[in-house]
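Please look at the model below with attention to its ligands and the residues around them. The text after it goes through these sites in turn.

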Amino acid sequence: MTKQSTYTAKLPEPDGTYLYTPEEDAVWGELYRRQMKLLADKACDEYLEGVRTLGLNPDHVPQLKDVNRRLAETTGFGVEGVPALIPPSRFYELLSQGKFPLATFMRRREHIDYIEEPDLFHEVFGHCPLLTNRSYANFVRRFGQKAVKLGKDYSWHLFRIFWFTIEFGLINTPKGRRCFGAGVVSSPSETHNAMEPSTSEFRPFDLMSVLRTPYRIDIVQPIYYVIHSFAQLETIIEEDIAARINEAKALGDFEPTFEAKAS
Ligand SMILES: C[C@H](O)[C@H](O)[C@H]1CNc2nc(N)[nH]c(=O)c2N1
Ligand SMILES: N[C@@H](Cc1ccccc1)C(=O)O
Ligand SMILES: [Fe+2]
């Protein structure tokens with residue numbers, strides 16, 4: 001967890017199941033219902049299809065092993081329970097092996113609209129539906145493999161690619177601009193913000209621009225990058241990422257559009 005986190009890790013029982021309280025189930029259910037309604041005309045079809053494929057429902061917090069089984073039947077991606085944020089090297093290693101790390105604790109009601117760190121709702125409701133999509137899953141695995149190979153000097157820039165696609169990406173579709181980023185679909189505040197041209201800036205995805213854009217993890221995003229297809233993700237990750245990052249470092253970061261984090 002982040003330094004100021006008020007959450008404790010949710011550890012598995014000896015048989016691998018995770019126990020959630022009735023209150024945690026209720027928060028899951030309320031958020032699930034609210035987001036499914038909100039996202040019907042705001043999330044891309046691939047995401048909404050993924051929710052159905054996974055069999056997610058508002059009745060209770062899903063079990064990791066059920067999510068794992070459904071994913072195994074589609075793209076073969078796996079998920080692995082982790083206590084909270086993990087070090088980048090471990091994060092990248094798991095992705096490279098086709099395993100998505102899932103923080104297993106559930107947010108409390110006070111954070112129902114927005115939480116500053118990934119919780120199980122974000123991980124499962126946000127990421128797992130699209131892990132049923134072949135291009136998304138390929139991108140995530142290839143990203144992990146490249147990140148492992150490039151090592152820690154490239155880590156922060158690499159994460160910007162992940163951030164502006166997998167976490168907070170939008171996509172142009174025949175029905176208009178829709179969201180697919182996990183951090184957009186898992187937070188009611190972020191979903192509203194990401195559809196609001198008066199408070200948000202939308203930029204077409206461009207690798208060099210993304211690599212030069214600083215972000216903050218703990219605020220609704222001021223800038224979103226927009227892809228035109230999931231196949232585009234697969235071409236991005238096959239570029240010479242090390243060379244592009246070196247170029248981005250030479251050019252320097254864009255001026256942040258947000259306030260520095262209070263400490
Ligand atoms: C920069 C770094 O790679 C990034 O913040 C990672 C770190 N650890 C993480 N750990 C988890 N569980 N989930 C994440 O999204 C991340 N992000
Ligand atoms: N803000 C997201 C969670 C999140 C935190 C940090 C990074 C990504 C996602 C939510 O409320 O669902
Ligand atoms: Fe995430």
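Predicted model: local features only at pLDDT ≥ 70, side-chain atom pairs only at ≥ 80, totals over all residues.

Residues are numbered from 1 along each chain as its sequence is written, chains are lettered from A and ligands numbered from 1 in the order in which they are written, and side-chain values use heavy atoms, with hydrogens and water left out.

The space taken by ligand 2 is the largest pocket. A pocket here is an open set of points on a 1 Å grid over the protein atoms alone, where a 1.4 Å probe fits, with protein on both sides within 12 Å along at least five of seven lines; its lining residues have an atom within 4 Å of a point. The shell of ligand 2 consists of R107, Y114, I115, E116, E117, P118, H122, W163, E167, S186, S187 and I217, where a residue is counted if one of its heavy atoms lies within 4 Å of the molecule.

The side chain of R107 has an N or O atom 2.8 Å from an oxygen atom of ligand 2, and a polar side-chain atom of S186 is 2.6 Å from an oxygen atom of the ligand. I115 takes part through a backbone N or O atom, 2.8 Å from a nitrogen atom of ligand 2. Alone, ligand 2 exposes 330 Å², of which the protein buries 98%; accessible areas come from the Shrake-Rupley method with a 1.4 Å probe.

An unreviewed UniProt entry lists H122, H127 and E167 under "binding site", an annotation that may be inferred rather than shown by experiment. These positions span 46 residues in sequence, yet no two of their C-alpha atoms are more than 9.8 Å apart, so they gather at one spot. H122, H127 and E167 are included in the lining of the largest pocket.

The residues around ligand 1 are V82, A84, L85, I86, P88, F91, Y92, W156, F159 and E167. Backbone N or O atoms of A84 and I86 approach nitrogen atoms of ligand 1, at 3.2 Å for A84 and 2.5 Å for I86. A polar side-chain atom of Y92 lies 3.4 Å from an oxygen atom of ligand 1. Taken alone, ligand 1 exposes 390 Å², and the protein buries 91% of that.

How values were computed: Polar contact = N/O pair within 3.5 Å; in protein donor to acceptor, adjacent residues only side chain to side chain. Sits in = over half its atoms within 2 Å of the grid points.
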